[in-house]
Amino acid sequence: MRELPGDVFVTGQLLAAQMQALAEQGVMGFINNRPDMEAPLQPSAVDLESTALELGIDYYHIPMSGGISPGMIQASVTAFKTMPRPIVAFCASGMRSSALWGFAHVDKLGVDGVLDAIKEIGFDLEQIRHPLTQYLAELNAKDGES
């Protein structure tokens, strides 16, 4: 498990037993960024959500395959802003979860801060620099209108 700023951890696929162990250690929320049936024997999002509900833990399923869509970004912003912490976000390796974390935190950390934090945990996501920059400019433009 790799730690990002803001009491957020990213990791690869979690199983129900691992979610239970993490909840016992104080994790308050899970974000699943894997689409169902991406890999053989992968637990379904419905099963993992059921586990989270049984544990009394917040759960979001924001599947990411291919590129990052505006809907994924907005769902991630909502999840990271509303969930109690610590949060564990997971996908196959933690890379997609890190990218979505970046969009949800670029307003506070800036583009370089986000990319540096992601690089510190071992992922080079320089390819999202331009989309992050555009997204931040859109946020700043909306702030200027209000």
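Helix 4 passes helix 5 in a left-handed crossing, the near helix being turned anticlockwise from the far one by less than a right angle. Helices here are DSSP runs (H or I, at least four residues), numbered from the N terminus. The model is predicted: local features need pLDDT of at least 70, side-chain atom pairs count only at pLDDT 80 or more, and totals for chains, interfaces and linings use all residues. Residues are numbered from 1 along each chain as its sequence is written, and side-chain values use heavy atoms, with hydrogens and water left out.

Contact (heavy atoms within 4.5 Å) involves Phe103, Val106, Val114 and Leu115, among others, in helix 4. Their partners in helix 5 include Arg129, Pro131, Tyr135 and Leu139. By class, this contact has ten nonpolar, three polar and three charged residues. Ala, Val, Leu, Ile, Met, Phe, Trp, Tyr, Cys and Pro count as nonpolar, Asp, Glu, Lys and Arg as charged, and the others, Gly among them, as polar.

The largest pocket is lined by 15 residues. A pocket is an open set of points on a 1 Å grid over the protein atoms alone, where a 1.4 Å probe fits, with protein on both sides within 12 Å along at least five of seven lines; lining residues have an atom within 4 Å of a point. Helix 5 gives the most to this lining, with six residues.

Key. Helix = DSSP H or I, 4+ residues; strand = E, 2+ residues; numbered from the N terminus.
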